[in-house]
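Please walk through this structure from its domains to its chain contacts and then to a single helix.

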Amino acid sequence: MTKPSICLYFHVHQPTRLNRHSVFDKSHRSKNNPMDAYFDHNLDKFYFQKIAKQCYLPANKIISELIEESDGKFKVSFSITGVWIEQCKKYAPEVLESFKKLVKTGSVEIVDETYYHSLSSLWWDQAEFKNQVKKHSDLITETFGGQAPKTFRNTELLVNDNIISNVDSIGRYTGMLAEGIERVLGWRSPNYIYSHKNNSVKMLFRNYRLSDDIGFRFSDRGWKQWPLTADKYVDWLNNSEGQTINLFMDYETFGEHHWPGSGIMEFLYWFAKKSTENGLEFKTTSQTVQSYKPISSVEINGTVSWADMERDASAWLGNKIQDYAFSTYWELENGANELGGNYLDAWRTLGVSDHYMYLCLKSWSDGDVHKHFSPYKDWTPYDNFINYMNILSDLSRRMNEQLDKPKIETTIKMPTFPAIPEIN
Amino acid sequence: MKLAMFGWEFPPFISGGLGVHCFHLTKELAGLGVEIDFYMPYTGKNPKVPWMNIIEVDPFQLPDGKIFQFGPYSSTKTIIKEKQSGRKGISGMDLFSAVMTYNNSLAKLFLRNHQKKNYDLIACHDWITVEGAVEAKKLSGLPLVLTMHSTELDRTANLNPFDWILGIEKKGVASATRVITVSRRSAKRLEDELSCSNEKIDVVYNAVDPLLFKSRVKKEEFGFTDGIVLFHGRLSVQKGPEFFLQAAKLVLEEEKDARFVISGKGDMMPRLVNLAIDLNIADKVTFTGYLPEEQLADLYAVADVYVFPSVSEPFGITVLEAMASGTPVILSKTSGVAEIVDHVLKVDFWDTHQMASKIIALLRYSALRQLLATNAMSELTDITWRNTAITTLQTYEKTIRENKK
């Protein structure tokens with residue numbers, strides 16, 4: 001029996017944090033650029049530099065060593081959001097340089113997604129989704145050179161038949177990432193390549209057990225497998241069947257979700273090292289798709305994602321305030337497109353999915369993952385909603401002011417007609 | 001268990017949380033098999049309830065021959081002010097002598113009954129019953145559980161508290177076998193301000209009976225069309241009605257179609273009316289005065305927002321009442337009820353901009369109102385008087401057990 005290869009994929013993203021925006025505080029009105037009026041650049045900078053130090057730089061260093069020591073046999077794929085790259089350029093350009101170096105080795109592949117890590121795939125009109133995907137692949141080729149990405153991952157692995165068709169219709173993608181849950185696969189294993197019933201794009205399913213062993217459980221002392229050693233984990237991989245083991249997780253797993261003292265960095269190094277020693281082969285996402293024939297076909301009726309216990313879209317669009325905010329958001333689409341520039345940027349940045357995650361009330365009072373990620377620890381999802389809506393209504397006000405202005409000073413004089421004599 | 005409970009107010013003669021608490025607590029305790037004699041001041045109205053024995057303590061006469069009428073005890077401030085300003089009314093010393101007379105008669109009457117009935121425990125509420133309860137404890141050797149619903153420092157918002165009352169409160173928490181408070185916040189204050197030992201305090205939260213707040217009348221029936229923002233409570237510094245009016249002013253700058261309703265009475269009424277005039281919002285503010293229960297339930301139901309800006313609140317039962325009425329709540333962080341509810345908007349009472357900003361959001365976004373109302377309603381399923389009684393009974397049983405050792 002041939003051993004399955006390993007497809008290691010990391011997601012790289014940071015949200016743009018909102019300003020605290022009161023109806024009464026008019027000081028933001030003096031900021032002409034809506035990007036400055038609505039977003040807290042200082043907070044972004046604080047988090048970005050902190051995470052760069054704890055996660056991105058040390059983890060990149062390990063990956064670069066692994067590639068070098070294995071003569072390029074160690075391979076890994078990343079998806080990097082557009083908003084992350086924007087922040088990186090401003091707050092820690094050395095991190096972007098180190099990613100560029102990794103890509104240059106040829107062992108690192110970039111996966112496409114929406115530039116804004118948005119929920120645009122869930123809106124009925126797909127024009128914006130496609131624009132954001134295009135904007136992302138343009139940014140990736142511009143930043144890293146080479147060809148446009150061949151595989152696609154949607155925001156938080158949000159996938160359904162509709163989204164698959166829309167991604168497939170772009171025509172460039174050979175593979176797409178999805179959550180490997182029973183609701184989709186039934187009794188079938190995630191360790192195989194699948195085709196989709198009416199599309200040509202192939203599906204890569206996340207092995208959530210083995211992925212979450214690292215992503216969630218690694219530092220959990222209540223877990224009966226704790227501590228997770230590289231030997232033990234490689235043993236599990238070695239005993240797995242199938243074509244590929246898809247290990248998909250947030251890149252912040254290393255040093256941020258699990259603090260460096262948990263030994264997570266050493267684990268990354270040694271698990272990769274020992275996998276190679278045990279004859280396990282690493283492949284990037286597109287190589288994995290290319291290497292194997294699909295074993296069978298799937299369809300995905302309801303939306304699935306890798307989030308929460310529910311593994312659906314309910315973390316972002318699961319309650320009334322989320323739905324309300326979402327539909328209000330899209331009311332501004334036409335105006336944003338008409339004005340373009342900073343207005344379009346601000347509108348799109350307000351569509352970053354994290355803003356909707358902060359409105360999630362699921363087990364919020366128990367203090368769970370949503371609370372952990374929200375930048376304003378003392379704010380409830382209701383408070384976050386009020387802030388988000390205040391910003392949307394201010395953006396709407398600004399856009400209306402701009403749209404009401406005559407756009408072009410015309411030099412053509414309207415012909416004057418002779419007055420029509422009044423008829424008595 | 002045979003329980004002698006010393007109270008002060010009882011429906012329909014109530015003004016605050018104490019009366020509501022005693023009514024529901026005794027009803028549920030009786031359901032749990034506790035036999036209760038409830039002692040209260042003479043009202044002349046012969047109050048009766050099916051679940052326990054109400055014992056009215058002898059009437060007492062004032063120097064002018066009139067029978068002393070018990071008003072809500074929380075109005076001690078009013079009485080003193082009236083005395084100081086030379087206006088008519090029952091003098092402060094009359095209230096105090098009335099309290100002392102009540103407590104004296106209480107202890108004597110209790111002892112007489114105890115010889116026949118053989119009680120297991122004495123339970124009493126607030127400073128106003130402390131003297132009698134402490135005396136009864138001493139005479140009978142029974143353990144005493146004192147429930148502190150509020151303290152003098154709460155009621156006066158720390159402005160000119162009565163040393164005399166503070167003294168009784170200190171004596172009460174020192175002499176009681178165990179002390180119940182209505183929130184962790186209140187327990188902390190008892191420790192810090194009344195030197196109550198932490199080990200003898202149990203926290204038992206209040207609750208609400210949602211059946212009493214079933215009114216679903218529409219605001220059109222009241223002739224209102226604007227968004228209605230409600231304040232309900234005693235009009236005193238403690239409850240923060242001034243912050244409510246300051247926030248109202250700010251809201252009206254952004255939302256013209258809002259109406260602010262202030263329900264309740266109290267010594268601050270004239271000051272609030274003047275403030276509304278000074279702020280130039282008098283036409284947008286309605287003072288309802290005191291409202292009977294059913295009308296209050298209607299008012300809760302028609303309100304779009306309930307604001308509770310209390311400066312210092314041991315609990316805050318009206319917050320649960322508004323939640324039970326399906327009305328979204330903006331709540332001061334300095335309140336005990338904030339410890340047990342999540343589906344409300346919490347603010348600092350002094351931050352009127354924040355308060356106004358949240359009122360505006362609730363007036364504007366129906367989705368926010370609906371979600372808060374629905375989630376608040378399900379949050380209340382665990383906040384029942386039954387649970388209050390069960391936790392209280394645990395304290396009672398523990399007290400009796402420990403006293404036997």
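The paragraphs below take up the domains, the contact between the chains and the packing of one helix.

The model is predicted. In chain B, the domain assignment gives two domains. Domain 1 of chain B is made of residues 2-207 + 385-404, and domain 2 of chain B covers 210-382. Where they touch, 21 residues of domain 1 of chain B are in contact with 14 residues of domain 2 of chain B. On the domain 1 side of this contact, the elements of chain B that give two or more residues are α1 (17-31), α2 (76-85), α5 (152-155) and α7 (184-194). By class, that side of domain 1 of chain B has 6 nonpolar, 9 polar and 6 charged residues.

The next contact is the one between the chains. Here 14 residues of chain A are in contact with 17 residues of chain B. Two helices of chain A, α12 (320-331) and α17 (381-404), each supply at least two residues of the side of chain A that touches chain B. Of the elements on that side, α17(A) gives the most, with 5 residues. The side of chain A that touches chain B divides into 9 nonpolar, 3 polar and 2 charged residues.

Part of the picture can be described helix against helix. Two packed helices are described by the angle between their axes and the distance between the axes. The axes of α12(A) and α13 (residues 366-379) of chain B come within 8 Å and cross at roughly 170°. Because angles over 145 degrees count as roughly antiparallel, α12(A) is roughly antiparallel to α13(B). The residues that meet are A:Lys320, A:Ile321 and A:Tyr324 in α12(A), and B:Ala367, B:Leu368, B:Gln370 and B:Leu371 in α13(B). By class, this contact of α12(A) with α13(B) has 5 nonpolar, 1 polar and 1 charged residues.

Which residues of helix α6 (residues 161-170) of chain A are buried? They are A:Ile163, A:Ile164 and A:Val167. These three cover an arc of only 100° around the axis, so they lie on the same side of α6(A). A general point about spacing applies here. An α-helix has 3.6 residues a turn, so residues three or four places apart point the same way. After α6(A) comes A:Gly171, which has a positive phi, near 90°.

Notes
Residues are numbered from 1 along each chain as its sequence is written. Chains are lettered from A and ligands numbered from 1 in the order in which they are written. This is a predicted model: local features need pLDDT of at least 70, side-chain atom pairs count only at pLDDT 80 or more; totals for chains, interfaces and linings use all residues. Domain bounds come from an automatic or database domain assignment. Two residues are in contact if their C-beta atoms, placed from the backbone, lie within 7 Å. Helices (H or I, at least four residues) and strands (E, at least two) are DSSP runs, numbered from the N terminus. Ala, Val, Leu, Ile, Met, Phe, Trp, Tyr, Cys and Pro count as nonpolar, Asp, Glu, Lys and Arg as charged, and the others, Gly among them, as polar. Axes are lines fitted to C-alpha atoms, for helices over the stretch in contact, and angles run from 0 to 180 degrees between N-to-C directions. Angles under 35 degrees count as roughly parallel, over 145 as roughly antiparallel, 65 to 115 as roughly perpendicular and the rest as oblique. A residue is buried if 20 or more other C-beta atoms lie within 10 Å of its own, exposed if 12 or fewer, and partly exposed in between; C-beta atoms are placed from the backbone. The arc is that of the directions from the helix axis to the C-beta atoms.
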